[in-house]
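Please report on how the parts of this chain are arranged and how they meet.

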Amino acid sequence: MNNKHTNITPSKQNSLLRFDKENVWHPYTSMSEPLPSYLVDSAQGVNINLASGEQLIDGMSSWWSVLHGYNHHKLNAALQEQAAKMSHVMFGGLTHQSAITLCEKLINLTPEGLDKVFLSDSGSVSVEVAMKMALQYQHAVAEKNQTNLTKTKLLTVKNGYHGDTFAAMSVCDPVTGMHQIFEQVLMQHYFAPAPSIKFGEQWSNDETIELTALFEQHHSEIAAFIIEPIVQGTGGMRFYHPEYLRACRLLCDKYKVLLIVDEIATGFGRTGKLFACEWAEISPDIMCLGKTLTGGYITLAATLCTTHIAKTISEGAAGCFMHGPTFMGNALACAVANASIDLLFENDWQSQVLAIETTLNSLLKPLAKHERVIDARVLGSIGAIECKQTVNVAQIQKRFVELGVWIRPFGKLIYIIPPLIITTEQLTALVNAITTVLNEDDCFN
Ligand SMILES: *Cc1c(COP(=O)(O)O)cnc(C)c1O
């Protein structure tokens, strides 16, 4: 399909892309031999318009963040109205309606007990904040009980992903998180095996034997347990049994370990529940939100915690929580987050997610039988194909663009997580493109 709105001339496009290739870092690619980048001119609804004229159906939601599509008039209006008043004021000593309204919404929507909100800039920072909160809480508890502080480590599971900053990276999967490069500087934590019983499979209590043993052995050293609820995203698009998360909650309670749930990828309906914790009917002590929080418009994240944690930290020697980003509570971000959350309910997110899930179940799941495929799985608005071989990213990307879709696989995984407003027809085009590339040898290593 051709996009008529491009106003960047071909020679300008070439010079922009040349500069980009020479001087601009892109995520997870070499600076010496970078994977190609495609120049985007605009985006509208579920379409990304390349400067070269192609129009692509977006299967990625710009890394899980876009819910209601690009260039949405209501989200644009929220930004413009806020910008006309003020874009930002410092959050130390000042506050504003957009932030207050957002925090009230988050408290009302998230599982019970999460009543205090810390706003920050990005998902990774919200994880840093969650970990620091847990450590400062244990410090305050030890102080109050006049005991030595021993709870200084975290426990997590393998295959996890929690962000790229140092504390967050220290609880990412040790192999895919490339811990060996940073071994000398990274905090050392405990890792349990990744949950192995899949969502929808038969539960067995054997699943938590090793996890339980780690809690028993090391609980006196463990401040908090951190996990992505139900979906291990970047670590492999694995969907695990809700009973596992319930077991984590019980173990944390038994051993006085805080439960941190990282809902950055799963929040706001993605798995078919508003928050993935709801599959296990648990409330964490600390919850991280990000990605979809502003409907994919601007970076913003939140760390919610219980009143008990906030009170314990505040009554400790420091008297306050030791964190305060410059752009904390950014007004533009809060305003667009409020509008995005309102749209979620106006648009009936549950039926949107159900429609996506139904289509993926009927079209994507059968690809499990393809000779190149190990497994095809679907949960809510997430569909993933695990292949036998790793993909050739440059080639498969080129083919997807030729086929009019934007899908960016990694490792052995081809996955889609489209904006909730995608139509059945557009979703079908995404799955058809995946089916096409599965039959092309040069798309795989
Ligand atoms: C993306 C992600 C993060 C990191 O968020 P950024 O905004 O990229 O810093 C953390 N945890 C999970 C589960 C994520 O998917």
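Predicted model: local features only at pLDDT ≥ 70, side-chain atom pairs only at ≥ 80, totals over all residues.

## Two exposed loop residues

K256 is exposed, with a relative accessibility of 66%. Exposed means over 50% relative accessible area, buried means under 20%, and partly exposed lies in between (1.4 Å probe, protein chains only). K256 sits in the loop between helix 8 (242-254) and strand 10 (258-262). Helices (H or I, at least four residues) and strands (E, at least two) are DSSP runs, numbered from the N terminus. The phi of K256 is positive, about 50°, although K256 is not a glycine.

Y28 is exposed too, with a relative accessible area of 64%. Its place is the loop between helix 1 (10-23) and strand 1 (40-44). Y28 is a residue other than glycine, and its phi is positive, near 50°.

Residues are numbered from 1 along each chain as its sequence is written, and side-chain values use heavy atoms, with hydrogens and water left out.

## Two domains

The chain is divided into domain 1 (10-68 + 348-443) and domain 2 (76-346). These bounds come from an automatic or database domain assignment. The domain centres, taken over C-alpha atoms, are 27 Å apart.

## Where the domains meet

In domain 1, 26 residues are in contact with 30 residues of domain 2. Contact means heavy atoms within 4.5 Å. The two domains bury about 2,300 Å² between them, and 65% of it is on carbon and sulfur atoms. Buried area is the accessible area (1.4 Å probe) that two parts lose on being put together, summed over both. W64, W349 and L379 supply 34% of the area that domain 1 buries against domain 2, more than any other three residues.

The rule finds one salt bridge across the interface of domain 1 and domain 2. A salt bridge is a side-chain nitrogen of Lys or Arg within 4 Å of a carboxyl oxygen of Asp or Glu. The side chains of K198 and D375 meet in a salt bridge at 3.8 Å, N to O.

Strand 13 gives the most to the side of domain 1 that touches domain 2, with four residues. That side divides into 18 nonpolar, five polar and three charged residues. Ala, Val, Leu, Ile, Met, Phe, Trp, Tyr, Cys and Pro count as nonpolar, Asp, Glu, Lys and Arg as charged, and the others, Gly among them, as polar.
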